[in-house]
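Subject: Structure handover

Hi,

Here is the structure I promised to pass on. Please open it first, then read my notes below.

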Amino acid sequence: MVESPTPGTGAGGWRELATAAFVVVICAQAASGMVQGAAPMSLPAISADLGASSSAIQWYASLFPLGFALVLILAGRIGDLFGTRRLLLIGYAAVAATLVLSAVAPSTPVLLVARLLQGVATGVMAPQLSATIQRLFVGHGRTRAFAVFLMATGGSFMLGQLLTGALITQDLLGLSWRWAYIPSIPFAMATLVAAWRVLPRTFPGTAGRLDLLGAAALGATAFLLMFPAIQGRNAGWPLWLLVMLGSSVPAFLAFLAYERRVIDRGGDPLVNPTLFAISSFRVGNLITVMVSLITYAVPIYMILTIQSGFGRTPFEAALLTAPMPFANMFGALLAAPLVRRLGRGAVAVGGMLTGLSSVLVLVATAGSPDTVDATHLLPGIALLGFASGISIASTMSIVLHEVPPAYAGAAAGVQSTSLQLSGAVGIAFFGMVFYGAIAESTDKAAYLTAITNVQWIAVALAVLQSLAVVF
């Protein structure tokens with residue numbers, strides 16, 4: 001193992017980023033980003049090859065952010081307790097293993113389990129990547145490092161889309177949707193070996209008590225909310241599912257009450273309810289929920305519409321949606337100057353642009369199904385990516401603006417969890433609307449109606465996002 005190097009001071013400019021440890025961190029994030037870009041492109045192929053139902057497709061899309069969200073905060077604390085390097089290697093090895101499991105999955109249930117485990121493994125790894133950058137760099141060097149990290153995330157996501165779309169379209173070796181995972185496996189394995197050799201040594205510290213019961217309670221609350229949302233339409237909404245859905249609210253209130261008791265006992269809660277007494281944190285997390293409901297779900301149902309509704313190949317769908325992650329990177333870069341100039345108004349700008357992107361899609365799909373082409377969606381797709389970049393980056397800044405430094409780590413963890421968890425819920429609830437409009441139809445008109453319904457909901461959420469900044 002390598003001793004921890006002296007952190008960069010920023011004096012070396014961009015050249016100081018050319019360290020073996022930082023390259024490994026970027027490669028680890030890129031491997032994860034490639035799979036996240038690839039997964040949505042494979043949905044129709046999974047449905048065709050494994051006979052996956054619409055509910056199974058929604059679970060496939062939702063389980064990754066759900067697993068990620070439920071371990072994110074705990075993983076950061078465990079990394080502090082047992083050492084960042086050790087937990088990064090464990091998490092990344094688990095990511096590589098779940099890629100293999102996904103690629104060889106013989107059935108839909110196995111693939112769903114693999115997808116959930118992949119989210120958990122990535123949730124274990126992700127905080128360690130950020131912590132490693134924090135240790136390697138200081139000052140402007142750290143700012144540059146995180147900028148490169150975010151660009152690598154967006155670039156690898158887009159690469160995953162395009163590569164998977166091309167491979168599934170060609171159906172090389174008859175492996176169909178499995179190409180969403182196969183290219184990342186050797187890359188992940190090589191990066192894992194390099195990480196073991198070059199990552200700096202970190203030593204165990206103290207992280208307080210781990211709130212395992214709180215994590216379990218939050219997971220149960222999420223399940224009570226998501227299971228009825230995904231299964232309800234197919235099951236005909238029996239009473240027991242409605243009761244299950246309704247019970248998610250008291251379950252969440254019970255979770256918050258338990259977290260308060262943890263604080264009263266001098267413990268370390270998973271989510272500190274006292275943070276919500278801070279106005280900017282409370283409103284910022286509410287905006288985070290609205291942003292992630294759109295940014296996680298809408299792209300997935302756009303991809304499904306392009307492939308299944310317009311009959312485009314996976315590669316054509318990848319090309320048509322590639323402007324979204326590309327524009328997202330530029331939106332994120334613009335967020336910082338917007339926040340400096342407009343403050344909370346930057347979030348309103350993101351919301352208005354998101355609403356405008358949905359309006360562009362609504363206009364593009366308003367004609368006769370025979371006259372509407374998938375290429376007409378391009379302006380709305382690109383603008384959604386740009387708007388999402390502004391919304392997410394500016395919201396992250398605003399959420400932490402008034403949080404005391406002593407609580408900054410916990411506050412960032414809560415927001416990241418809100419982002420992922422509400423993204424998973426958004427996939428479920430948008431899916432209820434989307435598949436409710438399609439039913440069993442395969443007609444283009446049904447898909448246009450479905451995506452229109454999705455866009456109207458996105459407009460409503462975008463308006464609420466823009467109005468929320470006045471509170």
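Keep in mind that this is a predicted model.

**The salt bridge**

I searched the whole structure for salt bridges, and the search finds 1. The partners are Arg 312 and Asp 373. Their closest N and O atoms are 3.1 Å apart. The pair links distant parts of the chain, 61 residues apart. Arg 312 sits in the loop between helix H11 (279-309) and helix H12 (314-321). Asp 373 sits in the loop between helix H14 (345-364) and helix H15 (378-399).

Arg 312 has 22% relative accessibility, so it counts as partly exposed. Asp 373 has a relative accessible area of 27%, so it is partly exposed too.

**Helix H10**

H10 covers residues 248-264, which is 17 residues. From first C-alpha to last, H10 reaches 24 Å. That is close to the 24 Å expected at 1.5 Å a residue.

Which residues of H10 are buried? They are Ser 248, Phe 255, Leu 256, Tyr 258, Glu 259 and Val 262. An α-helix has 3.6 residues a turn, so residues three or four places apart point the same way.

What does the buried side of H10 pack against? Its buried residues pack against helix H8 (212-235) and helix H9 (239-246). On the other side of H10, Val 249, Leu 253 and Asp 264 are exposed. After H10 comes Gly 266, and its phi is positive, near 80 degrees.

**Helix H12**

H12 has a buried set as well: Pro 314, Ala 317, Ala 318, Leu 320 and Thr 321. Seen down the axis of H12, they fall within an arc of 165 degrees, so they line one face of the helix.

**The second largest pocket**

This pocket has a volume of about 800 Å³. It is lined by 25 residues. Nearest its centre lie Phe 252, Val 289, Ser 418, Leu 421 and Ser 422. Which elements give two or more residues to the lining? They are H8, H9, H10, H11 and helix H16 (408-438). H16 gives the most, with 7 residues.

Best wishes

Key: Residues are numbered from 1 along each chain as its sequence is written. This is a predicted model: local features need pLDDT of at least 70, side-chain atom pairs count only at pLDDT 80 or more; totals for chains, interfaces and linings use all residues. Side-chain values use heavy atoms; hydrogens and water are left out. Helices (H or I, at least four residues) and strands (E, at least two) are DSSP runs, numbered from the N terminus. The expected span of a helix is 1.5 Å times one less than its number of residues. Buried means under 20% relative accessible area, exposed over 50%, partly exposed in between (1.4 Å probe, protein chains only). Contact means heavy atoms within 4.5 Å. A salt bridge is a side-chain nitrogen of Lys or Arg within 4 Å of a carboxyl oxygen of Asp or Glu. On a 1 Å grid over the protein atoms alone, a cavity is a set of points where a 1.4 Å probe fits but cannot get out, and a pocket is an open set with protein on both sides within 12 Å along at least five of seven lines; lining residues have an atom within 4 Å of a point. Grid points are joined across faces, edges and corners, and a volume is the space filled by probe spheres set on the points. The arc is that of the directions from the helix axis to the C-beta atoms.
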